[in-house]
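Subject: Handing over the structure

Dear colleague,

Here is the structure that I promised to pass on to you. Please open it beside this message, and then read on for what was found in it.

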Amino acid sequence: MTRAAVLEAPRRFEVAERPKPLPGPGEAVVRVAATAVCHTDLAIYTGRHPGVRYPVVLGHEAAGIVEAVGTDSRIGVGTRVVINPIIACGACDCCTRGDENLCRRAGLLGRELDGSLAEHVVLPERYLHPVPAEIGLEAATLIETLATVHHAQSRVSISPGDAVVVLGQGATGLLHTQLAKLAGASPVVAISRSAWKRDLARRMRADATVDPAGRDIVAEVLALTVGRGADVVIDTTGAPGLLRPAMEMLRPGGTFLLYAISHEPVPDFTTFPMYYKELTLVGSRALVPADFEPAIRLVAAGAVDLDGFITDSYPLHRAAAAFDDYERDPDRVLRTLIVP
Ligand SMILES: [Zn+2]
Ligand SMILES: [Zn+2]
């Protein structure tokens, strides 16, 4: 048998005993070492995520160890792995183009399929990426998030010397700050309301941090870029009210990367700056399998600093408390870990 934390309905977890999954051809059973919980999980937990059917086993940012494999599997039992949770059909026009993240029949592990808040999860082995020994399995849960950040930055070109502004310094904002520095951006300006996140951003090599409270962030960015404006602005907050200031702080010809999104209408917005400043607005969704290898390499080499990202850890049977605490004070959390 194996245990899973089943979300029966919004805000109602039950830990259930289930038969241990068996691997089919080309599949592997992973003994989950840890799962990191993010805003997507919180939205499913609270019932705010559209189109989710309950009951569901959450969890899509996970690492573990291969425990059993089916016929035709090439991955070895005992391999330490991180999971790619973007389940794609492999056959539609988007998949054929290599855009598995845009698959017309895409699912997310832990949303359309039962996820990793469990002792075991079974998956086709193509969704498993081996993790070298120098990366701990708890830190490895952040590789999926780093892969989404890598994917997003691969959709904009950040060149050495570019001024980059990162709006929000949660887990994804801090990773964007680090990848922008690794691309040679200067200055990288990290904006966050939380003093402790600004401290982390400076430790992660942000050149300047700005507390937006009571400040004109457009004026701050213009001052930090000697009046030129930013080459690239990356939004990791999804706050609709930031679209206009983001466009105002961009230089003519600049690029706005909408990494975080919202269903809310955008207030006070016109398309005129798109013409006048010839701005580029870029969307980014999840990741493609090719984003895993560079993400794993960056962590293994120590180029990306993951210290401090895991702010809480709970055993599987306390999943309800983990989510309750997360919902009550989300600003305190970068990633909450759930450990079977
Ligand atoms: Zn996530
Ligand atoms: Zn597809």
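In what follows, helices (H or I, at least four residues) and strands (E, at least two) are DSSP runs, numbered from the N terminus. Please keep in mind that this is a predicted model, in which local features need pLDDT of at least 70 and side-chain atom pairs count only at pLDDT 80 or more, while totals for chains, interfaces and linings use all residues. Residues are numbered from 1 along each chain as its sequence is written, chains are lettered from A and ligands numbered from 1 in the order in which they are written, and side-chain values use heavy atoms, with hydrogens and water left out.

Domains and cores

The protein is divided into domain 1 (2-147 + 287-339) and domain 2 (156-283), with bounds that come from an automatic or database domain assignment. Taken over C-alpha atoms, the centres of domain 1 and domain 2 are separated by 29 Å. To their contact (heavy atoms within 4.5 Å), domain 1 gives 17 residues and domain 2 gives 17 residues.

A residue is buried under 20% relative accessible area, exposed over 50% and partly exposed in between, using a 1.4 Å probe and protein chains only. A nonpolar core is a set of buried Ala, Val, Leu, Ile, Met, Phe, Trp, Tyr and Cys residues joined through side-chain atoms within 4.5 Å.

The largest nonpolar core has 44 residues, and those with the most contacts inside it are Ile143, Ile158, Val164, Ile234 and Phe309. Among the elements that each supply at least two residues of this core are helix H4 (143-154), helix H5 (171-182), strand S13 (230-235) and helix H10 (292-300). Because domain 1 and domain 2 both give residues to this core, it lies between them. Leaving aside neighbours within four places in sequence, Ile234 is in contact with residues including Ile158, Val164, His176 and Tyr259. A second, separate core has 23 residues, among them Leu7, Val52, Val57 and Ala322.

In H10, the residues Phe292, Pro294, Ala295, Ile296 and Val299 are buried, and what covers the buried residues of H10 includes strand S5 (80-83), strand S9 (128-130) and H4. Pro130, which lies in strand S9, touches Thr79, Arg80, Val81 and Ile296, if residues up to four places away in sequence are not counted. H10 is followed by Gly302, whose phi is positive, near 75 degrees.

The zinc site and a pocket

Which residues coordinate the zinc ion (ligand 1)? They are Cys38 (SG), His60 (NE2) and Glu61 (OE), at 2.1 to 2.2 Å, and in sequence these donor residues are spaced C-x21-H-E. Donors are N, O and S atoms within 2.8 Å of the metal (3.2 Å for Na, K and Ca), and since water is not among the atoms, sites may look incomplete. Both His60 and Glu61 are buried.

A pocket, on a 1 Å grid over the protein atoms alone, is an open set of points where a 1.4 Å probe fits, with protein on both sides within 12 Å along at least five of seven lines, and its lining residues have an atom within 4 Å of a point. The second largest pocket is lined by 14 residues, of which Arg18, Pro21, Asp114, His120 and Val121 lie nearest its centre. Strand S1 (2-9) and strand S8 (120-124) each supply at least two residues of that lining.

Most residues other than glycine have a negative phi, and most peptide bonds are trans. A cis peptide bond, with omega about 0 degrees, joins Tyr54 and Pro55, and Pro55 has its place in the loop between helix H1 (39-45) and strand S4 (61-69). Another cis peptide bond joins Ser186 and Pro187, with omega about -5 degrees, and Pro187 is found in the loop between H5 and S11.

Val226, although not a glycine, has a positive phi near 50 degrees; Val226 sits in the loop between helix H7 (217-224) and S13 and is exposed, with a relative accessible area of 77%. Ala286 is also not a glycine and has a positive phi of about 55 degrees; its loop runs between strand S15 (280-283) and H10, and Ala286 is partly exposed, at 25% relative accessible area.

With best wishes
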